[in-house]
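Could you walk me through this structure in my viewer? I would like to know what to select at each stop and what I will find there.

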Amino acid sequence: MKTSPETATAPATTTPSPAGPRRPRTRRPVLRYVLKRVAIVPISLFVLGSVSFVLVFFIPGEPAITILGDFATPEQVAHVNAQLGLDKPLWDRYLSFWGNLLQGDLGRSFFTNEPVLDEIGRFLPNTVELVAMALLLAISLGLVIGVLGAYFARRWPDRAMSGITSVLQSVPDFFLALVGIYVFFFLLGWAPPPIGRLPIGASGEQPSFLILGSLFTGDWATLGTALQHAALPVLSLGLVYSSYFAKTARGSMGTALTTPQVEFARACGLRERTVVRYAFLASRTTVITYIAILFGSLLGGAAIVERVFNWRGMGQWALDGVLKVDVPVIQGFVVTAGLMTLTLFLLLDLVVLFLDPRVSYE
C-alpha cells in the first residue's frame, strides 16, 4: 500500500480551524432550550402578578363605597374595608396575595363573594371560543390579503389590498360591531339580537364550551343557534384583526418572493402556485409568531365587543370588575390572561423551532 507524500509528512497534532477553537458540543440542545423557555414562564408571571397588584391600587374608586353607595357613613365604610381585608398594610396584602396564589387561590369577588377561580372557569370558555373563531377568520382573510399584495407588488391589486388593510385597521372593533347590529339585525333582520350566546329562554344546561360541546354531542339545533349568535362578534373582531395579519404577511411574503431561492425556482420552470407555496413556507414563522401576539391582545381587546353582544366572556367579566374596583377579579384576570399568553408564546416558540431549521437553539 502506497502512502502519499502529504500523508507521510503530516504532523500528528490537529491543526486548529481558521474559525478558531472548536466549541464543545452541547448535549440535547433542544431539551436545554425548552427548559430555558419553561423557566422564563414563572419569572414572567411573578413580574406580571407583582405589577398588576400595584397598578390595581391606582384605579380610581373605592370598593366599599361602590358596595354601600354614596351615602354610606365612615363607620360603615371602615367595617366593609375590614371585611374585605383592605385595612391591612400593603405589604401584608402583597404577601397574602402571593401566598394564596401559590396555593391556586385567586380570592373571592368583593361583590358576588364567589371564588374568582370558579368565575374564571365559567366565563373563560366563552372567550376562548370567541377568540379562536375570530383568530381563524383573521388569519385566513389576512393571509389572502397579504399574499395577494405581495405577489402583485407595486401593481393595482397591491394598492387595492393596502387600501382594504388601512380601512380595516382604522375601524374600531366595537364600532364595527354596532354597525353590524344596526345593518344585519335592525335593518335586514338577518342576525339574531345581541342578547348573548343563545336566545332568551333557551332550555337545557349549556356546556362550558357551547359550540364545541354542541358539535361533539350532536346537538345540531343548539350548534346552529350558537353559530348564528356568534357570527357578528366573530366578524367584528376577525375583520379588524385581519389587517394586522395582512400587513405581516405582506411584508414577510414580499421579502420571500425576492429571495434567490424563489428566483431559482422560477428559473427551473416551476409553476407559480408552487413558487408562492415555497415563499409562504419560508415566511410562515413570522405569521405563526404573530398569532401569539394577537391572541394576547384579543383576550383583553374583546372585552368591549363581548359587552356589546352580552357574550358573558372573561373580558366582559373583567371589565365589570374594573368598573366596580373588584380587586380580586382584576388580579385574577391579569394573572390568568398573562399565564395563557405566556404558555401560548412558549408553544409557538417550540413550533417555530421545529419548523424553521435556521432558528438557533441558543
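Start by selecting His229 in this predicted model and show its surroundings: leaving aside residues up to four places away in sequence, His229 touches Pro192, Pro193, Ile195, Gly196, Arg197, Leu198, Pro199 and Trp311. Is His229 buried or exposed? With a relative accessible area of 7%, His229 is buried, because that value is under the 20% cut-off.

Follow its course and look for a bend of about 40° at Ala230; a proline, Pro233, follows within four residues.

Next, select residues 260-267 (helix H11) together with residues 272-301 (helix H12). Their axes lie 10 Å apart and the helices pack at an angle of about 160°, so H11 is roughly antiparallel to H12. Val262, Ala265 and Arg266 of H11 make the contact with Glu272, Val275 and Ala279 of H12. The crossing here is right-handed.

For the last stop, pick helix H6 (residues 116-151) and helix H15 (residues 327-355). Here the axes come within 11 Å and cross at roughly 50°, which means that H6 is oblique to H15. This crossing is right-handed. Show the side chains where they meet: Val116, Glu119, Ile120, Leu124 and Val128 in H6 face Pro328, Val329, Gly332, Thr336 and Met340 in H15 as contacts.

Methods
Residues numbered from 1 in each chain as written. Predicted model: local features only at pLDDT ≥ 70, side-chain atom pairs only at ≥ 80, totals over all residues. Heavy atoms only, no water. Buried < 20%, exposed > 50% of the residue type's maximum accessible area, 1.4 Å probe, protein only. Contact = heavy atoms within 4.5 Å. Bend = angle between axes of the 7 residues up to and from the residue. Helix = DSSP H or I, 4+ residues; strand = E, 2+ residues; numbered from the N terminus. Axes fitted to C-alpha atoms, helices over the stretch in contact; angles between N-to-C directions. Parallel < 35°, antiparallel > 145°, perpendicular 65-115°, else oblique. Left-handed = near helix turned anticlockwise from the far one by under 90°.
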